[in-house]
Amino acid sequence: MATIHPFKAVRPSRDKVSLVASRSYDSYTPAERKARLDNNPFSFLHVVNPGYKYAKKVSGVKRFELVRQRYEEFCEEAVLIKEDQPSFYVYKIIDREGQEFCGLVAAAAVEDYQNGVIKKHEHTLRLREELFKEYLKTVGFNAEAVLLTYPDESALEQLLQQLMEERPEYEFTTTYRDTHYLWPVQDSSTIKRIQQVFENMAALYIADGHHRSQSSFLLAEDLKAANKTHTGTEAYNYFMAYLLPESQLKIYEFNRLVKDLNGLSKEEFLVALDTNFRIQNRGKMEYKPSKKHHFSMYLDGEFYSLYLRKRMRRFDNALQGLDAQILFEYILQPILGIKDARKDERLAYAHGKKGFAFLTDKIDKKQFAVGFGMLPVTMEEMKQIADQDLRMPPKSTYIEPKLRSAVTIYEFE
């Protein structure tokens, strides 16, 4: 049974939402960030990059404290306003390609995450978990929702469609040409109907936001231990989530680039691959795999197809059959010497939206020696791995939609 709750969001005033909302900080180039910070005083980037006004890089606890101060300034100036009563939020995005995403912003339960009702498929790094936990504890809010997905539910879809017949509170288009809509839901009977639908769901799945989820759990543990009158209803017992039906997720692959052949010549490398793969030289024509366990490879100006040999296709669990895992176990680790796919600086990733031309360009410029492409992970594979309590290799999925920060903000206080 999945538990979700309405919450009193802090959100931009209607006239400023398009100016406040921002992409995640790391998704901007330095030049893009500078342009927005120089020309838009309402961008939420001013909150998360508080040292910019002093032309000074600030880090650690001092940065967290300044983030809190900038946030308070935005609230004092009524750029950000807190809701009077708890709400759900129907949030629709139509991207530049016409793809529509329609889901619900709500508070998900830390207890569901702890007990496995909210299921995960990726490892998290302890250092990042702790750092973000301390960030949340200091600033007191989270402006980026965790993306959760659930099996398509026709009754819920119909209800959301009815709610969207009203005029949206927000309707704005970004410079990326994505259009965003938001409808607050405050009617108590409607909120109850939505909660009942989720109560009948056995599980929710994290699509994007594993570190945010784990950090929220760690924060809740800390604050619970420090609160002698803990009841379980405090805001820190929940975290902000965007709940989206499975059929609306767009999952892209992450391709791999490796800087060298680990001391092997081209011929030695191809011979090593031949043990577990059928190899065919495809020449200059771009090759993309069309089946699971088929891979594309770009090496020395030519494309190759790699087919995992049938005798190798004996899998004991969902992870072993995952293409990203196969690539790591049979090529990256044993042949190219990549021991830790999270930390090895010889390994880089490029999501499928960039296209394989991105890899070929890097390799042709001698920045990398070889590149590998594969098919995207399917929703079913992702769920099977989560259900079996297994973890994918890093950068196995690139998932859309990517939400804007600060359209809704969840306060832990």
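By cavity I mean a set of points, on a 1 Å grid over the protein atoms alone, where a 1.4 Å probe fits but cannot get out. The volume is the space filled by probe spheres set on those points, which are joined across faces, edges and corners.

Quick housekeeping: this is a predicted model, where local features need pLDDT of at least 70 and side-chain atom pairs count only at pLDDT 80 or more, while totals for chains, interfaces and linings use all residues. Residues are numbered from 1 along each chain as its sequence is written, and side-chain values use heavy atoms, with hydrogens and water left out.

So who lines that second largest cavity? Lining residues have an atom within 4 Å of a point, and here they include Lys292, Asp323, Met374 and Pro376. By class, that's 6 nonpolar, 1 polar and 2 charged, with Ala, Val, Leu, Ile, Met, Phe, Trp, Tyr, Cys and Pro as nonpolar, Asp, Glu, Lys and Arg as charged, and the others, Gly among them, as polar.

The structure holds 2 cavities of 30 Å³ or more. The largest has about 60 Å³, and among its lining residues are Tyr91, Glu144, Met240 and Arg404. That lining splits into 8 nonpolar, 1 polar and 2 charged.

Now a pocket, meaning an open set with protein on both sides within 12 Å along at least five of seven lines. The second largest pocket has about 260 Å³ of space. Of its 16 lining residues, Ser18, Ala21, Arg36, Asn40 and Thr175 are the closest to the centre. The lining counts 6 nonpolar, 8 polar and 2 charged residues.
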